[in-house]
Amino acid sequence: MFEAVAFYLFAFLTITMFIITVTTSQALYALTALAAGMIFISAFFFILGADFLGAIQIIVYTGAVMALYAFGMMFFDTTRSVKEKQGNKFIITGLSTLAAVLVVLIVGAPMVSNNIVALYPTIDGMGNVQNVGLILFTKYLVPFELAAVMLLVAMVAGIVLAGKKMDRSITLTNDAELEIEKNKKVLS
Amino acid sequence: MEKYLYIALFAPLVSSLFSLLFTATPKKLFTGIVASLLIITSLISSSILLTHILETGEPIHVTMMTWMQTGGLYIPFGFLVDQVSVTMMMVVTLVSSVVHVYAIGYMDHDKGFNRFFAWLSAFVFSMMILVMSDNYAGLFIGWEGVGLCSWGLIGFWFHKESATWAANEAFIMNRIADLGMLIGLFLIYWNTGTLQYDGAFAAFHQLPTATLTWIGIFLFIGAMGKSAQFPLHTWLADAMEGPTPVSALIHAATMVTAGVYLVIRSHELYSLIPHVGLFIASLGTFVALFAASMALVNRDMKRVIAYSTLSQLGYMFAAAGLGAYWVALFHLMAHAGFKALLFLGAGNVMHAMKDELDPFKMGGLKKVMKWTWIMMVIGSLALAGVIPFAGFFSKDTILEAAYSGNHMVIYGVLLFTAGLTAFYSFRLVALIFHGEERYKLFGVHPHEAYRFMLVAMSPLLLVAIVVGILQTPFFDMVEEVLNGHEYHIEHTLALIMLVGTQLFVGLAILYAYVKYANSKIKVPDGTSKIENSFAYKLLINQYYIPYAYEEYIVKPYRELSEFFWQKIDVKVVDATVDGIASIIYNTGEKTRDMQSGNLSTMLRWMVVGLIILLSLAVIFGFTVKYSGV
Amino acid sequence: MEIGLNHYLVLSTILFAIGLVGVMRRKNLLLLFFATEILLNAVNIAFAAISHYYGDMTGQMFAFFIIAVAASEVAVGLGLLIVWYKRHGSIDLDVLTTMKG
């Protein structure tokens, strides 16, 4: 009973927040609604017993990603309302719904035919974090490390791109200009 | 002996390939010399082969390699040198040697000097394949090869439109006939299972007459095209657009006699179907008269000689059709000699007169061109059949064969034609070499040809004079192969016939001289009475046959083609192709808007694509699930 | 009332649809990024639910990696966005038409 109440409540809240995110004309509202939606989603993870995932969701999304967006927004002129020139709304909604239904159909088809076998079953008597750790550091060790490298690369890229002197692009400057600059440096 | 066979065959090929190397370069004298030497090598090898055949009587038969072998079909590159083919080889190599040497002088100032020798030697090679092959397929290769080379040589001066037109006409006419020949070959293979001469000839005896008749007719259609018999004769006169040495070699001595050679080679077939033979003889007789009549009035020196060639080919077919194959072959040999001589003489005259062809504009050239005059007179005497020159022996034997076969109509027509022949040959001689010097009106300064050209022509002169004496040895040589027999007519009758013929011919010659060698001859201007007579108009217009072809075959064909072009090709085929192209083009034009560069639009299209792919996945999944797999 | 897997899948579908609507209608690049986050989260819910109902940890593993990818994407994407904004002074999609063919 408690589970059902919690599910419907959070489902309602999440959908509302996300609808606000995609419809509002104020960037700040959208950001706030997105952050709230993320936290509400973590609730589902807790309900589903994926405690670790829920914690990560809050930390990474609501903490890191949202903070990044917030800082990013400082660069842009977000005070003016975002203009949205719309085409046909029905087309957009129809297409989205259709795509979503099809995705579910494909994902759900194997479950309907009941031919799913657990590849890495949860081990009873262990907490979720223990389970996650066990799988993550045995079966998924290589992807895990790769993800770590990817995050590092992303971090470096973020710093470099948003860093100083980025008002000029090396790729968009032609070779002759680069040569002149290099000579200047050597001379000075 | 095989060695000499291969030398005789491949020396012309080497010569052609050698000259081919220099076709793109300016005139080089040594190409002509090398080519001539190689052809002379071929002549020497052929002579050695001839000696061998004369001594031993054994044909040389070699199989160089297998050409094709599939199932029951076996066609080798095999070569046979027997009494018949060695005769042809001698004719071909002798005339071509002379012509090669002669052409060094004749083509002296031509830009295509090297190219000329490449074509000419290629022709000799094709002709050698034609005569030496031991099967019909090889003969057909040579047949097509000479056709191609003839096309290239008639159209040698391709910048002249009339030359290219004549080349195409000759080629197309020959193609029509070649189709008949090809059908004949298919019939032979179908019925006998082989294309080898010996195998096919042996099998012919078991075949029903009807089949043999069809084979004979279709083969003869091929021969008609190549030898320019009626109704496929128009190309030969137009082929005179080519250089004169080409006319001498191809359109007098060798290629046009290939049809006669085919009939002689297939004599075992034609002796089984005498009714077809009679048809051939009748057609030959008709062509002899028909062509001679056109030669009477023509005002183009080379065309007159071309018509006389046609007429003489008619004689050969008449002989072959009557079963006198050896006589046909003998006349072929003798004719090759004196006709090439006449053509080369005409070439000298042309050279001297700056390519003037109308004999009415010449006259009195005897003084400046003494040697050419002598050669032309002897050639004409031989052609007219005056004793003791070559033509007398061969032509007289044809008449005897007709007489002893009791074909009196053929005999009469051929005899009459002999008179016509004498008249038109000496009309030409008289107009060119005797009478007033009319050329002075046109400001030409004629000169004798180069000395070496005259020397080169001398072997032909010799042939024209002495070949008649060789009749008996020749008969001894080929009688075994061609099942020939000599024609014996009662002695006094023969003597009367001989004297009668000679008198007739002599009178014709005399009449020609009286009429054309006097000083009253003027350049015709279309006003004289004879020029307006119906007969003259009929003859000068070649019986209106070219007009009829143009009017009733070429024009309807062109209209039909135009119909197919305008209606079928443009409206159906092109429209279909264009339609497909425009569909694609329009699709591109319409979908170009998708590439607006707007990310939002692109995302929308991406979602559409995603949906399509997902739908396909779903549909495919269901299909797999419910198809019972 | 028992909450089953289907409930979660339906929820996931709804969120996914909302995300797609966002992707298609937003003209502001930053808000477009928000919409992609929604898409990723919708899928995450589905993974976690499947993982729970089938007692398999694979779903959760995938959810982790998705979060990692999302984090990197935000870092790099935001960086590029800032660069673009500095050069052109706008992050409106309708202005971004240099790829027009």
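**View 1. Chain C is built from three helices and zero strands.** Helices here are DSSP runs of H or I with at least four residues, strands are E runs of at least two, and both are numbered from the N terminus. Starting at the N terminus, the order in chain C is α-α-α. Of its 101 residues, 55% are buried (20 or more other C-beta atoms within 10 Å of the residue's own, with C-beta atoms placed from the backbone). This is a predicted model, where local features need pLDDT of at least 70, side-chain atom pairs count only at pLDDT 80 or more, and totals for chains, interfaces and linings use all residues. Residues are numbered from 1 along each chain as its sequence is written, while chains are lettered from A and ligands numbered from 1 in the order in which they are written.

**View 2. Here chain C meets chain A.** Contact (C-beta atoms, placed from the backbone, within 7 Å) links 59 residues of chain C with 69 residues of chain A. On the chain C side, α1 (5–25), α2 (29–54) and α3 (58–88) each supply at least two residues, and α3(C) gives the most, with 22.

**View 3. Helices α6 (residues 161–192) and α8 (residues 209–226) of chain B cross at roughly 150°.** Their axes, lines fitted to C-alpha atoms over the stretch in contact, with angles from 0 to 180 degrees between N-to-C directions, come within 7 Å. α6(B) and α8(B) are therefore roughly antiparallel (angles over 145 degrees). Among the residues making the contact are B:Met173 and B:Leu187 of α6(B), together with B:Trp214 and B:Phe218 of α8(B).

Methods. A residue is buried if 20 or more other C-beta atoms lie within 10 Å of its own, exposed if 12 or fewer, and partly exposed in between; C-beta atoms are placed from the backbone. Angles under 35 degrees count as roughly parallel, over 145 as roughly antiparallel, 65 to 115 as roughly perpendicular and the rest as oblique. Two residues are in contact if their C-beta atoms, placed from the backbone, lie within 7 Å.
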